[in-house]
Amino acid sequence: MGEWQGRTAVITGGGRGFGKAFGTALAAEGAHVVLVDIDDAVAEAAAEEIRAAGGSADGVGGDVTDEARMAAIMEQAAAVNGGVDLLVNNAGLHSDEYGQPILKMGLAKVRRLFDVNVLGVVCCTLAAHPHMKGRAGASVVNISSSAAHMGGSAYGDSKLAVAGLTITFARELGADGIRVNAISPGLILTETIRNELPEATKQRVQAMQLIPGDGIEKDIVDAMLYLASAKARFVTGETLRVTGGMAAGV
Ligand SMILES: NC(=O)c1ccc[n+]([C@@H]2O[C@H](COP(=O)([O-])OP(=O)(O)OC[C@H]3O[C@@H](n4cnc5c(N)ncnc54)[C@H](O)[C@@H]3O)[C@@H](O)[C@H]2O)c1
């Protein structure tokens, strides 16, 4: 029996991209996974794919900024195996629309960006906490971004706050036996990125990498599996950069 048998993982933004890949990998290792997405149709479709492959999954609709909805989802998720063992705070706004200069986006868009990317992490962590407390090996993995370490964008600033919250929650939840870590992905060719990213931007970003070539979803999935596993039992408050060396620095 693998480490994930009989354990439950809740993954936000679970309907596509990294979230779906996290859910697929954890379910293949025996976890019951709950995929939460603002787009309920993609959450349900992703869960159906996992079930068709023999895994255990539920897809549920919900906005990570909705306190009551997240509390209800965590409660429902906890009922399956008696608690929540892993929360992956992955949902985030990162489309071109939210990658613009602040002067162009204006307050309303910046507010929504921070609401989802930053307060969404707080909302889901608070909702999951009562169900994670005291569970052996419980942990939270937040998804930050290489943009956090490079400066100069509201999106990067929102992800810098995620790295900060990772330290703060690691301190606050440590007493309850919950580890909290983050991953800062570099340029990873998810379906959304493949469809949206201009070739020139891809080449400019990849020119900054120390390891040439495309970052793929599996690179981030493997980092998540490590941070959430017993192999990382002594690791908390860290943000692991998986960028091909793009964001190398102090
Ligand atoms: N792909 C990359 O290269 C890359 C690099 C660095 C960081 N990231 C971060 O990784 C995370 C996932 O990225 P991805 O490429 O898989 O994105 P994606 O856009 O393919 O998927 C994100 C999912 O989150 C959902 N979502 C958006 N807002 C939500 C909300 N308020 N509540 C619940 N669900 C919501 C979307 O419906 C979508 O299904 C994001 O936080 C992103 O900022 C991605």
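Residues are numbered from 1 along each chain as its sequence is written, and side-chain values use heavy atoms, with hydrogens and water left out. Because the model is predicted, local features need pLDDT of at least 70 and side-chain atom pairs count only at pLDDT 80 or more, whereas totals for chains, interfaces and linings use all residues.

**Exercise 1.** Describe the largest pocket by its volume, its lining and the elements that contribute to that lining.

Step 1. On a 1 Å grid over the protein atoms alone, a pocket is an open set of points with protein on both sides within 12 Å along at least five of seven lines, a cavity is a set where a 1.4 Å probe fits but cannot get out, and lining residues have an atom within 4 Å of a point. A volume is the space filled by probe spheres set on the points, which are joined across faces, edges and corners.

Step 2. The largest pocket holds about 1,400 Å³ of space, and of its 49 lining residues the closest to its centre are Leu93, His94, Ser95, Tyr155 and Ile193.

Step 3. Elements giving two or more residues to this lining include helix 1 (17-28), strand 2 (32-37) and helix 4 (102-132), where helices (H or I, at least four residues) and strands (E, at least two) are DSSP runs numbered from the N terminus.

**Exercise 2.** Determine how the residue classes are divided in the linings of the second largest pocket and of the largest cavity.

Step 1. Ala, Val, Leu, Ile, Met, Phe, Trp, Tyr, Cys and Pro count as nonpolar, Asp, Glu, Lys and Arg as charged, and the others, Gly among them, as polar.

Step 2. The second largest pocket, of about 160 Å³, is lined by no nonpolar, five polar and four charged residues, and helix 6 supplies the largest share, three residues.

**Exercise 3.** Work out how helix 1 is oriented relative to helix 2 and which residues make the contact.

Step 1. With axes fitted as lines to C-alpha atoms over the stretch in contact, and angles running from 0 to 180 degrees between N-to-C directions, the axes of helix 1 and helix 2 (residues 40-52) come within 10 Å and cross at roughly 25°.

Step 2. Helix 1 is therefore roughly parallel to helix 2, since angles under 35 degrees count as roughly parallel, over 145 as roughly antiparallel, 65 to 115 as roughly perpendicular and the rest as oblique.

Step 3. Contact (heavy atoms within 4.5 Å) is made by Lys20, Gly23, Thr24 and Ala27 of helix 1 with Ala46, Glu49 and Ile50 of helix 2.
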